[in-house]
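Good morning, and thank you for coming. Please look at the model on the screen as I begin.

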Amino acid sequence: MIFQSKKTLAILGLIFSATSSLASPSKIEKRLNNTLGEKYGIKPDSMISYAGIYFGFAPNYDPKVTMAELNTATGQKGATYNVYSQIRSDNVQSGSYDGNDQYDTEDIISSGAVLIASLMPTVDWTDITPGLCQSIADYFTNTFTSKGVTVWLRYAHEMNYYTDSGTYPGGKNYDAFLTSWKNVYNAISDNDKIYMFWSPNVDTPSEPVAPWWPGKEYVDIVGMDYYPNADEGFPDFATAYGKFYDTYAAANSLPFAIAETGTQTSSQGSATTAQKEQWLKNIINPDGDGGLGNYSEYYISATWFEYGPPANNIDFYVVYGQSSQVVGETISNTENGS
């Protein structure tokens, strides 16, 4: 790993914001905070783009990468901290969920970031009973929110994709899924630091998202996971997310957050550094006269899938193990990186 001091990175940020084509702040009306994001628990001193979009990471677990290391590398504070965990058969049998040793609690708490808990049920939807859900709520309350951490509970994310792949054995039993979702929602509803985050995969005719929609009364935050093909060029925000944003965020006055994204090649290979940075720029700091336009009203944050081998066979890294030049170019797309 190559990690630089904050002072060094501050200098690099000045250099690269002035020289890199990836950041064009002069074309963007700067918005230095995002009050809606702060309302949903993001710390105001977190990493934020020129367009006012908070930015965070899904740090890899193999090799283990901490948010403390990423923050040291960038000289900024990641706004969101995504962690994947499962609801397993042993949790169902015991009626208890205890995190299954998948959370680096010390690093999460000390980071000050919002915890995006991507909780994946590898059991049937009908196994997600009210009693088990209360155990889930108790775990996040006792472990995190009681320590001041806001939790966005991303239950059964990418449900339209993972049911087809077999990861979620409950399958396309929409009614059972919706019941399980409401069971989780009801269990966490009395904790004002836990928000239910509905986050399907990209909407397609073969994997539609509409059947999985619980209804606005059971959702606090919406988002969509999307990994564009770097070989085909990158869509703008409106093309990539606009229809979903209009349907689920704007129409219901709900905040929109990209819970995970990155880019790869058509052959399932790793994109180049320049391609990764271009896609990052497109989603948090687009230039041009319009910028994010009307999509900025409810758009609060984006989280980068900071994974690579061996945990993932594709290298998505923009910070971990990168040169000081790459890190400098990356943070030049954030306000404090200028």
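Contact, in this talk, means heavy atoms within 4.5 Å. This is a predicted model, in which local features need pLDDT of at least 70 and side-chain atom pairs count only at pLDDT 80 or more, while totals for chains, interfaces and linings use all residues. Residues are numbered from 1 along each chain as its sequence is written, and side-chain values use heavy atoms, with hydrogens and water left out.

A nonpolar core is a set of buried Ala, Val, Leu, Ile, Met, Phe, Trp, Tyr and Cys residues joined through side-chain atoms within 4.5 Å; buried means under 20% relative accessible area, with a 1.4 Å probe and protein chains only. Helices (H or I, at least four residues) and strands (E, at least two) are DSSP runs, numbered from the N terminus.

I turn now to the annotated positions. Which residues does the UniProt annotation "active site" cover? According to that unreviewed entry, they are Glu158 and Glu260; such annotations may be inferred rather than shown by experiment. Glu158 is in the loop between strand 4 and helix 7, whereas Glu260 is found in strand 7. Glu158 is buried, at a relative accessible area of 6%, and Glu260 is buried as well, at 5%. Glu158 touches Glu260, and its other contacts include Tyr168 and Asp225. The side chain of Glu260 makes a polar contact of 2.9 Å with that of Tyr84, a polar contact being a pair of N or O atoms within 3.5 Å; within protein, one must be able to donate a hydrogen and the other to accept it, and residues adjacent in sequence count only if both atoms are side-chain atoms.

Finally, consider Thr145, in the loop between helix 6 and strand 4. Is Thr145 buried or exposed? Thr145 is buried, with a relative accessible area of 9%. Its side chain joins that of Asn191 in a polar contact of 3.0 Å.

How values were computed. Buried < 20%, exposed > 50% of the residue type's maximum accessible area, 1.4 Å probe, protein only. Lists of a residue's contacts leave out its neighbours within four places in sequence.
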